[in-house]
Amino acid sequence: MSQGISRRAVLLGAAAVAATAGPLASATQAAAAERAARAAKTPKVLVIGLDGAMIRRIKDADAPNLDALMAAGVTAPSSIYTNPMAPTLSGPGWATLITGVWPDKHKVVNNEFTGNAFAAYPDFLTRIETARPALKTYAVCSWNPLTDQVFSAKVDERVSTPSAEYDTGTTSRAVAKVKTDVDAVFVHLDNVDHAGHDHGNASQEYLDALHGVDTQVGQIVAAVTSRATYGNEDWLIMITADHGHTATGGHGGDSWDERQTFLIATGAGLPAGVTRYDVKMPDVAVSALHHLGVTVSPSWNLDGRPVQQSAPDAFDALRGSLQKRVDETGIGADVLGFTHVAPSGWSVDNTKMGTGGITEWRGWSFTTDEFWTKAEKGQQRELNVRARNVFAVCDGDEWTDKTFTGTFDSTLVSPKFTVTPGQAATLSYTTYYRHEAPQKAEVLVAYGNAAPVAVKTYTADTSSRVEKLTLQVPAGATTAQVRFRYTGGNNWYWTIDGVTITA
């Protein structure tokens, strides 16, 4: 195991320098570094799914192989949806990881995969076969519905491990396959999930199951690194999970533990020993496609982006300055998760904002999924799935949970973006909005020194999405500045992330 992962000389080349230069290193630099690190190598992909595994418990377990992978690459904890988008079950989880889209697109909400939209959003191995049919693809799964129903017949080889062989059989088949002429491999191991159901994530049995699967991961990765051609190959190895477990056992609900997943990724272009918070579940499929040179068409409408190309926004730079709770009680006392201090170039106008209320949510706040969703479960904050890392939120519902006066009226103001006079531009941002009258959310744009004009108004529930608004820049205007104004009271909320203006 250690022999294969020790290729840090590859990882710590130009790509690692760019990736560790700071949270705002440009995507262009990262892409160039990635290409340099991968030059003249044959790309290959190995994805290993550990059903029901939790990254914080892996760190508590005796798991030397997974620890070595984390030390050699990127570790990215993340969280997922809950109802009404989908319960935290294996079916929706694996469908999201394998297709590269969230459940509101692939439509899987149970373990039977009824009503799925796999025809529109096929698995990543099928996309590889469609784009590059000469590549050899392979899937082997202990949970047979994945190979029976999710991966399509286009995949070169799909193996549903007999139940009597379970993870031992899946591992031996995976080891044998990766020693052959193969390009993309998906492996599903199930025993950690069984331990979670029977004993809970707080049990020694769960840790023992993690130790067991760690040994199996080590065997599979050792088979990769022992290939005679390994020195001329560029392997992207990704370890992930579909959901977490409660302390006492089980999943499907909206608790923080049940909503947990992660990605461990190693390969050329990825820095060693780095923790990232911008990676989401659909990135696994897209990262595999990207690594194998399959161009992801915008028409596919995928939600993922390559883990190899980190693209932090201005809000993400605030992670190091986030504070602990002040008035909230449902959030852990040690959880760092909010600030009212805007990032460089941004500002918040609270001149019309009421007084009092819950400190954390007075006006626009910059926060994380953990902090915001723990403020109040069961009110669909968990459906803000397309925001990444740190995002901006107005939450009138939470603000009014403490004595206040006036109304909620706060405006988030962007820097001035450079635009071309008289030409069209595109304003893009990720948003999620839950409505209750008389609440209102407005997007306004000011060109040059002119007064801002409304370009979008939200007066009804809007699911998590990436908005793309076409702007017609007036003649003579060279800048455009965006304002996000939220007004209301004891109503609901609005989130904003990833704001850009492009020609």
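**A walk through the predicted model**

Asn350 sits in the loop that runs between β10 (347–349) and β11 (355–356); helices (H or I, at least four residues) and strands (E, at least two) are DSSP runs, numbered from the N terminus. The structure is a predicted model, in which local features need pLDDT of at least 70 and side-chain atom pairs count only at pLDDT 80 or more, while totals for chains, interfaces and linings use all residues. Residues are numbered from 1 along each chain as its sequence is written, and side-chain values use heavy atoms, with hydrogens and water left out.

With a relative accessible area of 24%, Asn350 is partly exposed; buried means under 20% relative accessible area, exposed over 50%, and partly exposed in between (1.4 Å probe, protein chains only). Setting aside neighbours within four places in sequence, Asn350 is in contact with Arg362, Gly363, Trp364, Asp409 and Ser410, where contact means heavy atoms within 4.5 Å. With Ser410 there is also a side-chain polar contact of 2.6 Å. A polar contact is a pair of N or O atoms within 3.5 Å; within protein, one must be able to donate a hydrogen and the other to accept it, and residues adjacent in sequence count only if both atoms are side-chain atoms. Asn350 and Phe408 are 58 residues apart along the chain, yet their C-alpha atoms are separated by 9.0 Å.

Ser428 belongs to strand β16 (residues 424–434) and is buried, at 8% relative accessibility. Its side chain and that of Lys468 make a polar contact of 3.4 Å. Beyond neighbours within four places in sequence, Ser428 is in contact with Glu467, Lys468, Gly498, Val499 and Thr500.

Val108 is another loop residue, placed between α8 (103–106) and α9 (124–131). Its relative accessible area is 0%, so Val108 counts as buried. Not counting residues up to four places away in sequence, Val108 touches Ala86, Gly91, Pro92, Ala95, Pro103, Phe113, Asn116 and Phe118. Ala72, by contrast, is 36 residues away in sequence and 34 Å away in space, C-alpha to C-alpha.

Next comes helix α12 (residues 191–199), whose buried residues are Val192, Asp193, Ala195 and Gly196. They cover an arc of only 160 degrees around the axis, so they lie on the same side of α12; the arc is that of the directions from the helix axis to the C-beta atoms. An α-helix has 3.6 residues a turn, so residues three or four places apart point the same way. Part of the cover over the buried residues of α12 comes from α13 (204–225). After α12 comes Gly200, with a positive phi near 85 degrees.

Charged pairs come next. Side chains of opposite charge can pair when their charged atoms come close. A salt bridge is a side-chain nitrogen of Lys or Arg within 4 Å of a carboxyl oxygen of Asp or Glu, and by this rule the count comes to 23. One of them joins Lys136 and Asp181 (3.4 Å, N to O). This pair links distant parts of the chain, 45 residues apart: Lys136 is in the loop between α9 and β3 (137–141), and Asp181 is in the loop between α11 (166–178) and β5 (184–189). Lys136 is partly exposed, with a relative accessible area of 36%.

Lys402 and Asp327 form another salt bridge (3.2 Å, N to O). Here the partners are 75 residues apart, with Lys402 in the loop between α16 (396–399) and β14 (404–405) and Asp327 in the loop between α14 (283–291) and β9 (338–339). Lys402 is partly exposed at 40% relative accessibility, and Asp327 is partly exposed at 22%.

Arg381 and Asp397 also pair up in a salt bridge, their closest N and O atoms being 3.0 Å apart. Arg381 is in the loop between α15 (369–375) and β13 (391–395), while Asp397 is in helix α16, 16 residues apart. Both Arg381 and Asp397 are buried. Elsewhere, salt bridges that share partners join Asp104, Lys105, Asp303 and Arg386 into one network.

As for cysteines, the structure holds zero disulfides, a disulfide being a pair of cysteine sulfur atoms within 2.5 Å. Cys141 is buried at 0% relative accessibility, and Cys394 is buried with a relative accessible area of 0%.

Finally, there is confidence: pLDDT is the predictor's confidence in each residue, from 0 to 100. The protein averages a pLDDT of 93, and 92% of the residues score at least 70. Over residues 1–25, though, the pLDDT is below 50, and this stretch has 43 contacts in the model beyond near neighbours in sequence.
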